[in-house]
Amino acid sequence: SFVAELGFSSIIIEEDSTVVIKALKNKEESLATFGHLIFAASPTIDAFCNISFSHSRRQGSIIAHNLARHTRHVSGYLVWMEDVPPQLQNLLQADFS
């Protein structure tokens, strides 16, 4: 919903779980343990004009993993879109090497 609020009409959802990707693509009710989350996300996903799903191997999502670990230490609401916070620069630069 945050991406929709920013005005994007096309998105790519990248996930390291093929089970989650299949559940998001499927229009039927998901019986998975996370099915309620898929159900809640469906109206938002359906609102986009162009949406694609991409599977990335877990090894390919090291940055996402490190960002998720970083958020444990962030209180409040924080958004960065262009500049990388100084404490995360090394993590992101390591991915390009």
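Helices (H or I, at least four residues) and strands (E, at least two) are DSSP runs, numbered from the N terminus. With that numbering in hand, welcome to a quick tour of this chain, which is a predicted model. Its secondary structure amounts to five helices and two strands, and along the sequence these run in the order α-β-α-α-β-α-α.

**Confidence**
- Averaged over the chain, the pLDDT is 79, and 91% of the residues reach 70 or more.
- Among the elements, helix α3 (residues 35-46) has the highest mean pLDDT, 86, while helix α5 (residues 89-95) has the lowest, 72.

**Overall build**
- Taken along the principal axes, the box filled by the C-alpha atoms is roughly 45 × 30 × 25 Å.
- The chain has 97 residues, and 19% of them count as buried.
- For contacts with a separation of 6 or more, 68% are between residues 24 or more positions apart.

**The nonpolar core**
- Five residues make up the largest nonpolar core: Val 20, Ala 23, Leu 24, Ile 38 and Ile 45.
- Two elements, α2 (18-25) and α3, each give two or more residues to this core.
- Helix α2 provides the largest share of the core, with three residues.

**Ser 30, in a loop**
- Ser 30 sits in the loop between α2 and α3.
- The relative accessible area of Ser 30 is 18%, and buried means under 20%, so Ser 30 counts as buried.
- Apart from neighbours within four places in sequence, Ser 30 is in contact with Ala 23 and Gly 35.
- Asn 50 lies 20 residues from Ser 30 along the chain, and 22 Å separates their C-alpha atoms.

- Phe 2, Val 3, Leu 6, Phe 8, Tyr 77, Val 79 and Met 81 together make a nonpolar surface patch of about 700 Å².
- One of these patch residues, Val 3, belongs to helix α1 (residues 2-5).
- Val 3 has a relative accessible area of 32%; because this falls between the 20% limit for buried and the 50% limit for exposed, Val 3 is classed as partly exposed.

Methods. Residues are numbered from 1 along each chain as its sequence is written. This is a predicted model: local features need pLDDT of at least 70, side-chain atom pairs count only at pLDDT 80 or more; totals for chains, interfaces and linings use all residues. Side-chain values use heavy atoms; hydrogens and water are left out. Patches are made of residues with over 30% relative accessible area and no salt bridge: like charges are joined within 9 Å, nonpolar side chains (Val, Leu, Ile, Met, Phe, Trp, Tyr) within 5 Å. Accessible areas come from the Shrake-Rupley method with a 1.4 Å probe; for residues, only the protein chains shown count as cover. A salt bridge is a side-chain nitrogen of Lys or Arg within 4 Å of a carboxyl oxygen of Asp or Glu. Buried means under 20% relative accessible area, exposed over 50%, partly exposed in between (1.4 Å probe, protein chains only). pLDDT is the predictor's confidence in each residue, from 0 to 100. A nonpolar core is a set of buried Ala, Val, Leu, Ile, Met, Phe, Trp, Tyr and Cys residues joined through side-chain atoms within 4.5 Å. Contact means heavy atoms within 4.5 Å.
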